[in-house]
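Hello,

Here is the structure we talked about handing over. Please open it first; my notes follow below.

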Amino acid sequence: MQKSEVRSQKSEDRDQRSEIKGQVLKTGRHRNSQSEIRNLKLNGAKLSFWKIVAVFIAVVGVYSLFVRFTKGLGASTNLSDFVPWGLWIGIDFIGVGLAAAGFTIAATAHIFHNHKYESIARPAILSAYIGYMMVVALLVIDLGKPENFWHPLVMWNIHSVMFEITWCVICYSTILTIEFAPVVLEKYKFDKLLKIIKKITPAAVILGVLFSTLHQSSFGSLYLIVPAKVYPLWYSSFLPVHFFISCIAAGLSMIILSAYLCARAFKQGLNIRILSGLGKGVLAVLIIELVFKFVELYSTGKFSLLFAQTGETYFFWLEIFLGSVIPIWILANPKYKVNRTGLYFASISTISGFILNRMNVCVTSLVRSSGQSYSPSFEEVGITLFLILVSVLAFKFIVENFRVFEEKVHDEVEVSKEEIETKDLIFDK
Amino acid sequence: MSEYHLDIDNQFGLLFDASECIGCGNCYEACKKENDLPATNPSRLGLAGADKDFLKDHLSDKTYTVVEEYGDIYARKMCMHCLEPACASVCPVGAFEKTELGPVLYNADKCIGCRYCMQACPHNVPRYEWGSTSPRVRKCILCYDKLKKDGITACAEACPVEATISGKLPDLITEAKRRIKENPDKYYPHIYGLEETGGSNVIIISPVPFEQLGYSSKVPKQSMPTFTMQAMEKIPTVVSVGGIFLTGMYWLTKRKNQLAKEENGKGKG
């Protein structure tokens, strides 16, 4: 109802514009020129500010990498015999978790044939692909002997969770390559190869879901073997299940957030219908995870820890509020769940809570038992920011040069830039 | 104890008796010498300090065993050489090996440096060469070569009061039980390492509860790899059930869409 009202308020001028825009957006090359024009228009302080930040991060990152590889882990990190894993392992957990949309969306679109989500399958797979590349790079940098990174391929220990993760990450990266290949192949017109890839895609997607399920959960399994070290609020024999469930919500939120950011950066419309569908998914997963967590804490007799006056308790509650309570409250609210600002804040909150959860598991929960606190070094932070910068630039480059966003949707759910700036649109379902 | 299901009859180990230890540091020095490790305590480095300041040394990549002072009791710390070592089970490339002789050995050539061994060790033993650009994990190896040759470790050989003895594990267990039984007043009635982590090749007896000497009482009684296995063993089920489910859904939803399309086509036609 409201939708049509809003539409009727729009001037014909805008309708025409969006139609033209729609035609233009169908080909990547045109969009390039469009974004170039935008870049030119966006002269001024904001753009150069981010350029300066990027250059600064790049300089710091290259310097940090230099220190890391010439002086070793001891000189470049705050890790020690008591804190052998730090920020980088946490970032690996976070990166892989936030990339989870790669398999959930691929499964929704290609296995469950839910065509509604087809248009976001490519961005989801692309961000997963870049996320995994970043995580693999960081893992290798984190290795004491990076030159031996290939050893798990030939030296097997099938009892090791780390071994399983290594193989799953390698296999899943291969699958992401297959899933993303069409984007590159269609541009350069490798039609034969494209046909073969299209044929094996369903099998690849199914395998991708399986590999993802295994290693997303296995990141939690890493900590099963240290029951005496992990603070009880986070230790659970269901750690792998917790890791798996939470990565789904985080991955979907990441897609909402990146759709929002891309819409802003590339001047595209937002398909609120798709995003609020994702929001529903996030809501369901968050509720399941929250209930599961508290039922488990209750049944294992850890409830009193929730009210203990310790640092761990505060971090735990902060994680719960940021990652569960706030986003559930927003997403369950009929006013906000179809509202772009609501979805935006819900996803930011979910992601923050998720990041805190992973850092809590890999840092906070171990402080007490190791007897040492840990905060990352300049170089650890520098290399992390550098890799994030490279990922963002890679994403930007690919989106600008290949057809990642399928712009078939400029019907009523397409929201123009002007509207984004002036007001929030609330669409009835 | 009854959990021992490996062939431990021929495995070597160590018995450390904190009631007997006089804190002389001979084991500490012998270990340094046998393993070619540089001096790490101030007096040996020619700096001013008390004679016994090796007692303040701590495990590091250059120190595989230490003697610590707890009032008038001395306690040794070193690798426990678990029967089912966490380090060996978590290492992605199998750089750790539980030898038939008992010692848990580390192969630096295989190691990739993920440091999961250090994270996983219930006794916080493995140390890392943080200062190196090709760092290795360092820890007691129970004098593997010497043990094979002489049947005794350097520390046990150096101990003047039989506070540390090495030998076949069953004999050590018998000896530990004998000492506790003959002097029940002198000992806390527990053999540390008999049940902890499902048993280890280093066992310890003490006059006081072990927590007071810095041995963690939180260490689980079951073998560490079982914690991981309870999750790992579900992998085949997850893969097969998941695979069947996803394949099924793929065909079902595809068929459903097809039917819907045909229906639509008919409707329009």
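Predicted model: local features only at pLDDT ≥ 70, side-chain atom pairs only at ≥ 80, totals over all residues.

The overall dimensions of chain B come next. Its C-alpha trace spans about 100 × 45 × 35 Å along the principal axes. The radius of gyration of chain B is 26 Å, whereas a compact globule of 269 residues would have one near 18 Å. Chain B contains eight helices and nine strands. Of its 269 residues, 44% count as buried. If one takes the contacts in chain B between residues at least 6 apart in sequence, 63% of them join residues at least 24 apart.

Strand 1 (residues 12–17) of chain B is worth a look in the viewer. It is mostly covered, with six of its six residues buried. B:Phe12, B:Leu14 and B:Phe16 point one way from the strand, while B:Gly13, B:Leu15 and B:Asp17 point the other way. Which strands pair with strand 1 of chain B? One is strand 8 (residues 164–168) of chain B, which runs antiparallel to strand 1 and is joined to it by five bridges. In that pairing, B:Phe12 stands opposite B:Lys168. Another is strand 9 (residues 202–205) of chain B, paired with strand 1 in the parallel sense over four bridges. Here B:Asp17 stands opposite B:Ile205.

Now the contact between the chains. In total, 49 residues of chain B are in contact with 39 residues of chain A. On the chain B side, the elements that give two or more residues are helix 2 (86–90), helix 3 (116–120), strand 6 (127–128), helix 7 (225–232) and helix 8 (235–268). Helix 8 of chain B provides the largest share of that side, 12 residues. By type, the residues on the side of chain B that touches chain A are 28 nonpolar, 16 polar and five charged.

One item from chain A to finish. Helix 16 (residues 378–401) of chain A has 24 residues and reaches 34 Å from its first C-alpha to its last, close to the 34 Å expected at 1.5 Å a residue. Buried residues in helix 16 of chain A include A:Glu379, A:Glu380, A:Phe386, A:Leu387 and A:Val399.

Regards

Notes: Residues numbered from 1 in each chain as written. Chains lettered and ligands numbered in written order. Rg over C-alpha atoms; globule rule 2.2 N^0.38 Å. Buried ≥ 20, exposed ≤ 12 C-beta atoms within 10 Å, placed from the backbone. Contact = placed C-beta atoms within 7 Å. Nonpolar A, V, L, I, M, F, W, Y, C, P; charged D, E, K, R; others polar. Expected span 1.5 Å × (residues − 1). Pairing = 2+ DSSP bridges.
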